[in-house]
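Subject: Structure handover and notes

Dear colleague,

I am passing the structure below on to you, and my notes on what was found in it follow. Please read them with the structure open beside you.

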Amino acid sequence: MSKKIEGIFAPIATPYQEDGNIDIIKYSENVKKFGRTGLAGIVSLGSNGEFVMLSKEEKILLLKATRESLPADKLLIAGTGCESLRDTIELTKVAADVGADAALIINPSYHKRDLTEESMLRFFELTADESPIPVMIYNMPGNSGINLSSSLITKLSKHPNITGVKDSGGNIVQIAETIAGASEGFSVFAGSGSFLFATLMLGGKGGTLAVANAAPDFCSGIYSSVMAKEYEKARKMQLDLLPLNAAVTTKYGIGGMKAAMELAGFNGGLPRMPILPAKESAREEIRNIMEKLGLVGKYA
């Protein structure tokens with residue numbers, strides 16, 4: 001691909017209506033707003049997009065809407081990981097046809113006893129062999145229950161069509177090992193706003209962050225400050241971001257993230273059941289955090 005995968009990406013949320021259907025109009029409005037921020041692009045069909053809740057048809061609908069609403073100079077990364085190799089390859093090819101610039105692929109996870117490191121190696125290699133677009137590995141042990149080791153990632157970094165990894169495990173030692181051992185040009189991304197600064201300082205190339213759904217320019221500001229070698233500024237911003245990041249991830253989850261989006265001026269919408277929306281007490285706590293960062297109504 002002609003553009004490097006680096007910078008900050010929002011794993012964009014999927015807003016649902018009261019009847020459980022996707023609100024594609026609100027989704028497209030969000031994409032347009034994100035396109036006017038400092039983000040390098042968008043991840044559609046990520047964990048925060050509730051991709052496991054979506055049918056194949058809904059996934060294609062969202063990918064098309066994203067590409068149509070996103071400026072041409074912003075990258076679209078499509079989450080195309082499925083439980084089988086065949087389905088993963090098929091969806092990745094569809095994403096490429098729609099205009100995705102890269103595929104973010106989470107490992108299969110249901111048959112854990114059969115999912116050895118050798119099987120994971122083969123899964124990603126065979127997917128990358130068939131993919132028309134570059135592949136990013138998605139390590140999300142908190143959701144998948146399987147950690148992709150740094151030794152596995154560094155082996156996969158040698159594949160010519162595997163361009164990077166989003167590591168959401170939160171193990172900064174493992175991230176450092178990956179950066180140290182990966183092939184030249186391989187992009188290591190922080191998978192959470194809580195360790196973005198540390199990842200960048202170690203040589204990481206960006207982040208795909210849930211909190212960027214509510215604070216896109218703040219997150220991209222940390223990245224740009226590091227790139228400008230304004231390390232103290234970036235360090236302080238990272239520390240200031242921690243309470244909001246915790247609120248929209250570990251504490252209140254997707255419901256909290258969508259509440260934060262609404263407060264910032266985006267369309268959060270409802271989660272899809274069985275995920276519940278944030279309670280009023282959570283919304284109030286998130287509002288107080290966001291007010292301190294100047295984020296309430298910033299994108300209205």
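The side chain of Asn 139 reaches the backbone nitrogen of Leu 148 at 2.9 Å, which falls under the heading of a polar contact (a pair of N or O atoms within 3.5 Å, where within protein one must be able to donate a hydrogen and the other to accept it, and residues adjacent in sequence count only if both atoms are side-chain atoms). This is a predicted model, in which local features need pLDDT of at least 70 and side-chain atom pairs count only at pLDDT 80 or more, while totals for chains, interfaces and linings use all residues. Residues are numbered from 1 along each chain as its sequence is written, and side-chain values use heavy atoms, with hydrogens and water left out.

Asn 139 lies in strand β5, residues 135-139 (strands are DSSP runs of E with at least two residues, helices are runs of H or I with at least four, and both are numbered from the N terminus). With a relative accessible area of 0%, Asn 139 is buried (buried means under 20%, exposed over 50% and partly exposed in between, with a 1.4 Å probe and protein chains only). Leaving aside neighbours within four places in sequence, the contacts of Asn 139 (heavy atoms within 4.5 Å) include Ile 146, Asn 147, Leu 148, Lys 166 and Gln 174.

The side chain of Arg 67 reaches the backbone oxygen of Lys 74 at 3.1 Å. Not counting residues up to four places away in sequence, Arg 67 touches Ala 72, Lys 74, Leu 76, Val 98, Gly 99 and Asp 101.

Turning to charged pairs, side chains of opposite charge can pair when their charged atoms come close. The whole structure holds ten salt bridges (a side-chain nitrogen of Lys or Arg within 4 Å of a carboxyl oxygen of Asp or Glu). One of them joins Arg 235 and Glu 232 at 2.6 Å, N to O, and these two residues lie three apart in helix α10, residues 231-251, which is about one turn of the helix. Arg 235 is partly exposed at 36%, whereas Glu 232 counts as exposed at 51%. Another links Lys 236 and Asp 240 at 3.0 Å, N to O; they are four residues apart in helix α10, and so are separated by about one helical turn. Asp 240 is partly exposed, at 32% relative accessibility.

Lys 251 forms a salt bridge with Glu 285, the closest N and O atoms being 2.7 Å apart. Because Lys 251 lies in helix α10 and Glu 285 in helix α12, residues 280-293, this pair ties together parts that are 34 residues apart in sequence. Glu 285 counts as partly exposed, at 27% relative accessibility.

How many disulfides does a search of the whole structure find? The search returns zero, a disulfide being a pair of cysteine sulfur atoms within 2.5 Å. Cys 82 is buried at 16% relative accessible area, and Cys 219 is buried at 0%.

Best regards
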